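Dear colleague,

Please find the structure below, followed by some notes on what was found in it.

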Amino acid sequence: MTNTVLRIDASARGTDSVSRQLADEVVSRLNPATVVSRDLAETVPQIDTRWLEANGTPEAERTPDQRARLALSDALIEELRAADTLVIALPIYNFGVPSGFKAWFDQIARAGIAFRYTEEGPEGLMKGKRAIITVASGGTEVDGPIDFATPWLRHVLGFIGITDIQVVRSDRQMVDAEASKARAADDLAHLAA
Ligand SMILES: Cc1cc2nc3c(=O)[nH]c(=O)nc-3n(C[C@H](O)[C@H](O)[C@H](O)COP(=O)(O)O)c2cc1C
């Protein structure tokens, strides 16, 4: 059962956005008690030198300025921690993810919090969550040879411990709009309850 959804949008478009429309549909089907929305089309800053220095300083030793530098990252991580399901609306931009989405991931992927290094290699610490990704594209086939968005997203989610991932595709809209809609409908019909 889904209790808390963290919904993440990244499209620069509003109501015309296909990835947003599909995410609306997914959230409505999940019917969760709580939905927390994070819209990455609004600015999430890139990490910078001061952010890296703050993150590299042990928590107890951080200055007030360093704590402030990490405040957004801390809030984004709390949103992620609190969710049992992520619904991620992902347009393909220039064969990859929108820059806002990459900035979000850089903000949350902190060693010791989102993952840790062990003798056996890295271990994700955000286990026990499900992710549903609604991907939209004009011409790039989802999971095809030039899709660097969907496989990347699966990889980085796995890196932080989220491996229960399903994809709803409305890809190649410019090639065949009807076939694209049909793929999305089929994927929605096959979503695990
Ligand atoms: C800046 C930009 C880059 C894009 N790059 C690609 C691309 O590399 N491959 C592709 O198939 N479509 C590309 N598109 C088309 C979008 O993926 C397509 O319009 C999709 O529906 C966008 O998602 P949305 O409807 O949720 O906004 C691009 C669109 C924009 C605005």
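Phe-105 counts as buried because its relative accessibility is 6%, where buried means under 20% relative accessible area, exposed over 50% and partly exposed in between, with a 1.4 Å probe and protein chains only. This is a predicted model, in which local features need pLDDT of at least 70 and side-chain atom pairs count only at pLDDT 80 or more, while totals for chains, interfaces and linings use all residues. Residues are numbered from 1 along each chain as its sequence is written, and side-chain values use heavy atoms, with hydrogens and water left out.

Rings of Phe, Tyr and Trp (its six-membered ring) pair if their centres lie within 6.5 Å, and planes under 30 degrees apart count as stacked, over 60 as edge-to-face and the rest as tilted. By this rule there are six aromatic pairs. One of them joins Phe-105 and Trp-152, which is edge-to-face because the ring centres are 5.9 Å apart and the planes stand at 75 degrees. Phe-105 belongs to helix 5 (residues 99-108) and Trp-152 to helix 6 (residues 150-159), so the pair ties together parts that are 47 residues apart in sequence; helices here are DSSP runs (H or I, at least four residues), numbered from the N terminus. Trp-152, at 23% relative accessibility, counts as partly exposed.

Phe-115 and Tyr-117 also form an edge-to-face pair, with 5.3 Å from centre to centre and 80 degrees between the planes. In this pair, Phe-115 counts as buried at 6% relative accessibility, whereas Tyr-117 counts as exposed at 61%.

Finally, Phe-101, Trp-104, Phe-105 and Trp-152 form one aromatic cluster.

Technical notes:
Helix = DSSP H or I, 4+ residues; strand = E, 2+ residues; numbered from the N terminus.
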